[in-house]
Amino acid sequence: MFLFEYVFSCFNSALDLNLFSNLKDFKTSSQIAKMMDLHEDNTKYFLNALYSMDFITKNDDKYKNTNATSKYLIEDSPYYMGNLIKIFSKLNDFSNVDIQNLVKNGPDENFQSGDDVSFEEFYNELKDSETGIRQVEIIDIVKNLEEYPKIKNILDLGCGAGLLGLAVVASREDITATLFDMPPMASLIEECISENNLEDRAEIKLGDYTTDDIGSNYDLIFAINTLSLAKSDMESIIKKIHDSLNDGGVFIAISDEVESDFSKPKEIIVSWLPYVLNGMNYYLIKDHVRNIALDVGFEEIKVEERFLSSGPMRINIFKK
């Protein structure tokens, strides 16, 4: 096993143990072991390993989070991204993918895009991945729009658990939302709406947005990390989005776009590689969304490349 695999394994183990949430203040290894019911000697070895990798700090025999782990890896932090890291680790675990065989012989007819995680477990983890820092990021993007004070009705297209759309709804008392995703997501979206006490300001619309009606009279539509899965019909989808917006409405597309020669960014190229080698080309070329949006009549507000918690992203913002 290469060194980086050991580092990643240690890091994920610390997340699974929720160790960082117990290191807000300096504590000895014995205190941590007793508090968390851990093996005392191995706790000390493990804390020293985390310290050697700069995940935590050390003062004599006491340990504490770094500023970064305090901000991003403590569960009660608004910037928490531990759940996101854990789900991405599972989704991108391709240890059983035979890259050499795929390069030599082409796609594996038996390849499955998911791992052994059950449907229910996967979507519970998806729910967790839409909390913390991802909500902070989308609220920041929306609130910085010049049009934000006028936004009343939003559509979260391909919403997953719906928590990103609900975060925008909760940012102001007069915003309502339609949360759109495939039918199997219904119970999870309903659960998220109920847990946030937003039943009177959020509704669910189910279907396939590439073929089904997505509604109308929206002031804001955002599609986050979903358009690469529907790129073969991109023009009709973006035209549908344009037609569903009110005049002056805003469309935000956040996508993991890549260079046209499939060389960068490395994080996106590598994460999609097993799918691409198996005949599922999810690479979304840079400016593909932008060019189509301009062709169907959108006015460009802003195009920005930013490293979000989900990786290097292209943030395309348009106005009808």
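**A loop glycine and its surroundings**

Mentor: Gly162 is found in the loop that runs between strand E4 (153-157) and helix H9 (163-170). Please bear in mind throughout that this is a predicted model. The relative accessibility of Gly162 is 0%, and because buried means under 20%, this residue counts as buried.

Two packed helices are described by the angle between their axes and the distance between the axes. For helix H8 (residues 133-143) and H9, the axes come within 9 Å and cross at roughly 50°. H8 is therefore oblique to H9, and their crossing is right-handed.

Another pair of helices can be described in the same terms. Helix H11 (residues 234-244) packs with helix H13 (residues 288-295) at an angle of about 55°, and their axes are 9 Å apart. The crossing in which H11 passes H13 is right-handed.

H13 leads us to the charged side chains. Side chains of opposite charge can pair when their charged atoms come close. Arg290 and Glu300 form a salt bridge through their side chains, with 2.4 Å from N to O. Since Arg290 belongs to helix H13 and Glu300 to strand E11 (residues 299-308), this pair ties together parts that are 10 residues apart in sequence. Arg290 is partly exposed at 24% relative accessibility, and Glu300 is likewise partly exposed, with a relative accessible area of 31%. Salt bridges with shared partners also join six residues into one network, namely Glu257, Glu259, Lys286, Asp287, Glu305 and Arg314.

The side chains of Lys286 and Glu259 meet in a salt bridge with an N to O distance of 2.6 Å. This pair links distant parts of the chain, 27 residues apart: Lys286 is in the loop between strand E10 (284-285) and H13, while Glu259 is in the loop between strand E9 (257-258) and helix H12 (266-277). Lys286 has a relative accessible area of 23%, which means that it is partly exposed. Glu259, with 29%, is partly exposed too.

A further salt bridge joins the side chains of Glu267 and Lys266, at 3.6 Å from N to O. Here the two partners fall into separate classes of accessibility: Glu267 is partly exposed with a relative accessible area of 32%, whereas Lys266 counts as exposed at 58%. A search of the whole structure finds 18 salt bridges, and the pairs described here are among them.

Ile99, Val103 and Leu273 make a nonpolar surface patch of about 230 Å². Val103 is part of helix H6 (residues 99-105). Its relative accessibility is 61%, and because exposed means over 50%, Val103 counts as exposed. Gly162, where we began, is by contrast buried.

Methods:
Residues numbered from 1 in each chain as written. Predicted model: local features only at pLDDT ≥ 70, side-chain atom pairs only at ≥ 80, totals over all residues. Heavy atoms only, no water. Patch = residues over 30% accessible without salt bridge, like charges linked within 9 Å, V, L, I, M, F, W, Y side chains within 5 Å. Areas by Shrake-Rupley, 256 points an atom, 1.4 Å probe, with all protein chains shown as cover. Salt bridge = Lys/Arg side-chain N within 4 Å of Asp/Glu carboxyl O. Helix = DSSP H or I, 4+ residues; strand = E, 2+ residues; numbered from the N terminus. Buried < 20%, exposed > 50% of the residue type's maximum accessible area, 1.4 Å probe, protein only. Axes fitted to C-alpha atoms, helices over the stretch in contact; angles between N-to-C directions. Left-handed = near helix turned anticlockwise from the far one by under 90°. Parallel < 35°, antiparallel > 145°, perpendicular 65-115°, else oblique.
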